[in-house]
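Have a look at the structure first, then read on.

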Amino acid sequence: MLIKTRNDGFTHPTSSDITDRAVVENRRAILKRMATGVAGTAMAGWAMRQALAADGASAVQRPGKLQALNARASNVAGAVSMDKLTAYKDATSYNNFYEFGTDKSDPAANAHTLKTSPWTVEIEGLVKKPGKWALEDLLKLSPMEDRIYRLRCVEGWSMVIPWVGYSLAELIRQVEPQGSAKYVEFVTQADPKTMPFVGSRVLDWPYVEGLRLDEAMHPLTLLTFGMYGEVLPNQSGAPVRLVVPWKYGFKSGKSIVKIRFTDKQPGTAWNKAAANEYGFYSNVNPNVDHPRWSQATERRIGEDGLFARKRKTLMFNGYEAQVGQLYAGMDLKKFY
Amino acid sequence: MGMQVAFNRWLSGRLAKPLVFVAALLPVVWLVLAAAMDWLGANPAEALERSTGDWALRMLCVVLAVTPLRTVAQLPTLARFRRMLGLFVYFYAMLHLLAYSWFDMGFELADIARDIPKRPFILVGFTAVLLLTPLALTSFNRAIRALGGKRWQALHRLVYVIAGLAIVHFFWMRAGKHNFAEVAVYAAILGLLLGWRLLRFFQKIGLQPSSILRRQLSK
């Protein structure tokens with residue numbers, strides 16, 4: 001007969017047995033005080049995010065340009081990077097959004113014409129509950145979370161951006177994919193009246209992106225409504241976009257109008273334009289070079305100065321622990 | 001006609017050369033200032049790499065425009081600026097190579113040596129700079145005398161090859177993003193400047209279609 005005692009070596013003390021509640025709370029208070037600058041600016045950012053992780057207060061400095069979008073801390077593994085945040089100005093003035101021009105400064109200059117209200121996202125294809133979702137209803141579907149992700153562009157630069165949104169999986173669960181659904185296709189806005197470069201021969205419009213269903217269901221895949229504690233600025237993909245932090249930036253479609261569930265791998269915009277350069281998966285991978293540039297290193301915008309060495313790019317953009325198992329056994333040189 | 005004479009006289013004056021020299025230096029002065037003042041946007045390294053390349057290409061267009069302008073606009077005195085403008089092509093091309101080696105490759109010679117053959121558009125650009133080097137090295141009077149005019153001229157016709165390589169380099173770099181509008185502008189300018197020379201060459205050797213036709217008919 002097995003008699004369980006506290007002394008058999010298998011029952012471990014809980015964390016509250018080791019550290020008194022008062023000590024924990026005092027520790028949090030210290031972190032918050034550090035965040036206000038007492039401990040100096042070097043530690044402030046780190047402490048601020050620790051405080052954020054502890055009680056969900058919004059730690060990101062709001063730029064005060066757009067409507068606030070409040071969120072709670074995320075407890076998804078890997079959801080809060082400790083890297084230094086990219087300045088809001090850099091993140092919103094250096095963009096690839098070809099519907100508004102091919103130059104990095106074009107989207108910030110031209111995207112004011114984008115009409116983001118009213119906005120609906122249509123769910124179609126192999127789901128039990130297809131239909132149109134008004135943006136207002138999407139915003140209420142699940143609590144907003146603060147997520148601080150690294151963003152690695154296929155061109156060799158990177159940023160660290162505090163997004164606001166919730167896991168796409170929340171929406172996918174609501175619409176109930178059928179058993180035959182294997183892929184998710186994201187169709188983005190293509191309105192020649194408000195987007196001056198739709199119709200240019202650079203790409204096939206609308207811009208379409210896609211994920212495997214299990215990638216789309218991964219908790220790090222973020223249906224994104226805001227950044228830096230505010231709603232998305234137009235050049236960043238307002239009012240709703242995707243952010244897939246372990247893939248090159250172009251996989252994260254902006255200004256999404258349709259989400260389609262399919263049994264076939266969707267044809268994605270850049271893959272259609274140059275299949276030998278942009279694969280369907282496009283996972284960040286320092287070992288698979290783009291034919292036009294190396295992917296081994298990257299320049300962190302606003303941080304790595306002109307003469308600084310570029311930093312090493314991490315496998316799956318540093319999210320290998322969270323997403324590596326999605327690609328177990330796959331030849332990533334073949335499925336780039 | 002009077003204005004042309006006046007302009008030619010001004011071009012041969014003492015002030016013209018220093019002024020053109022300063023004007024050709026303005027882009028690099030601006031780039032250094034902008035880099036120091038943080039006016040180059042979110043990615044200053046990329047901005048410097050691209051603008052030095054742009055200016056090398058622009059200078060190439062300017063120097064190749066000298067001879068057509070001399071002839072068409074009857075401004076023979078333009079010839080005295082040709083060497084200086086040619087050297088500015090080399091100057092901006094070297095800055096472009098320097099920006100790539102420094103900002104992109106961190107002066108890692110082994111990495112650069114591996115990168116050049118690996119990426120076709122880098123190989124083409126590097127070849128263009130390589131071919132420009134003998135032209136820059138033989139630009140002074142003693143080199144011209146040593147080589148003899150004919151051989152010197154033959155060597156300096158390499159610039160036509162270089163112009164082609166520069167456009168291919170630019171095209172290939174932009175091909176990754178299907179973005180050819182700017183490439184087309186430079187290709188059109190260089191095409192016009194080289195096309196004018198080709199036309200003149202054919203006229204010189206009497207290969208006009210009409211003359212061939214006439215010869216055929218007289219038989």
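A residue counts as buried here if 20 or more other C-beta atoms lie within 10 Å of its own. Keep in mind that this is a predicted model.

**Starting from Phe103(B)**

Is Phe103(B) buried or exposed? Phe103(B) has 22 other C-beta atoms within 10 Å, so it is buried. This residue lies in helix α4 of chain B. Setting aside neighbours within four places in sequence, Phe103(B) is in contact with Ala45(B), Leu48(B) and Glu49(B), and also with Leu306(A). As for Glu46(B), the C-alpha atoms of Phe103(B) and Glu46(B) are 8.2 Å apart, although 57 residues separate the two in sequence.

**The helix around it**

Helix α4 of chain B covers residues 82-104. Besides Phe103(B), the buried residues of α4(B) include Phe88(B), Val89(B), Tyr92(B), Leu95(B), Leu97(B) and Tyr100(B). Gly86(B), His96(B) and Asp104(B) are buried in α4(B) too. What do the buried residues of α4(B) pack against?

| Helix packed against by the buried residues of α4(B) | Residues |
|---|---|
| α2 of chain B | residues 16-37 |
| α3 of chain B | residues 44-72 |
| α6 of chain B | residues 120-137 |

After α4(B) comes Gly106(B), with a positive phi near 55°.

**Chain B as a whole**

Chain B has eleven helices and zero strands. Along the principal axes, its C-alpha atoms fill a box of roughly 65 × 45 × 40 Å. Of the 219 residues in chain B, 23% are buried. Taking contacts in chain B between residues at least 6 apart in sequence, 64% join residues at least 24 apart.

In soluble globular proteins, nonpolar side chains tend to be buried together. The largest nonpolar core in this model has 67 residues, and the members touching the most others are Ile161(A), Trp163(A), Val184(A), Phe186(A) and Leu242(A). Which strand gives the most to this core? That would be β5 of chain A (residues 157-167), which supplies six residues. Another core, of 34 residues, lies apart from it, and its members include Leu48(B), Tyr92(B), Val124(B) and Leu190(B). Leu48(B) is also one of the contacts of Phe103(B), and Tyr92(B) is one of the buried residues of α4(B).

Back in chain A, Phe186(A) is in contact with Val208(A), Glu209(A), Gly210(A), Leu242(A), Gly253(A), Ile256(A) and Ile259(A), leaving aside neighbours within four places in sequence.

**A sheet in chain A**

Five strands of chain A make an open sheet with mixed pairing, in the order β3-β2-β11-β6-β7. At its edges sit β3 (131-134) and β7 (208-212), each of which pairs on one side only. From one strand to the next, the twist averages 20°. Strand β6 (residues 183-188) runs antiparallel to β7(A), and five bridges join the two. Within β7(A), Leu211(A) is the residue opposite Val184(A).

**Where the chains meet**

How many residues does each chain bring to the contact? Chain A brings 18 residues and chain B brings 15 residues. On the chain A side, the residues touching chain B are seven nonpolar, five polar and six charged.

Key. Residues are numbered from 1 along each chain as its sequence is written. Chains are lettered from A and ligands numbered from 1 in the order in which they are written. This is a predicted model: local features need pLDDT of at least 70, side-chain atom pairs count only at pLDDT 80 or more; totals for chains, interfaces and linings use all residues. Two residues are in contact if their C-beta atoms, placed from the backbone, lie within 7 Å. Ala, Val, Leu, Ile, Met, Phe, Trp, Tyr, Cys and Pro count as nonpolar, Asp, Glu, Lys and Arg as charged, and the others, Gly among them, as polar. Helices (H or I, at least four residues) and strands (E, at least two) are DSSP runs, numbered from the N terminus. A residue is buried if 20 or more other C-beta atoms lie within 10 Å of its own, exposed if 12 or fewer, and partly exposed in between; C-beta atoms are placed from the backbone. A nonpolar core is a set of buried Ala, Val, Leu, Ile, Met, Phe, Trp, Tyr and Cys residues joined through C-beta atoms within 7 Å. Two strands pair if DSSP finds at least two bridges between them. Axes are lines fitted to C-alpha atoms, for helices over the stretch in contact, and angles run from 0 to 180 degrees between N-to-C directions. The expected span of a helix is 1.5 Å times one less than its number of residues.
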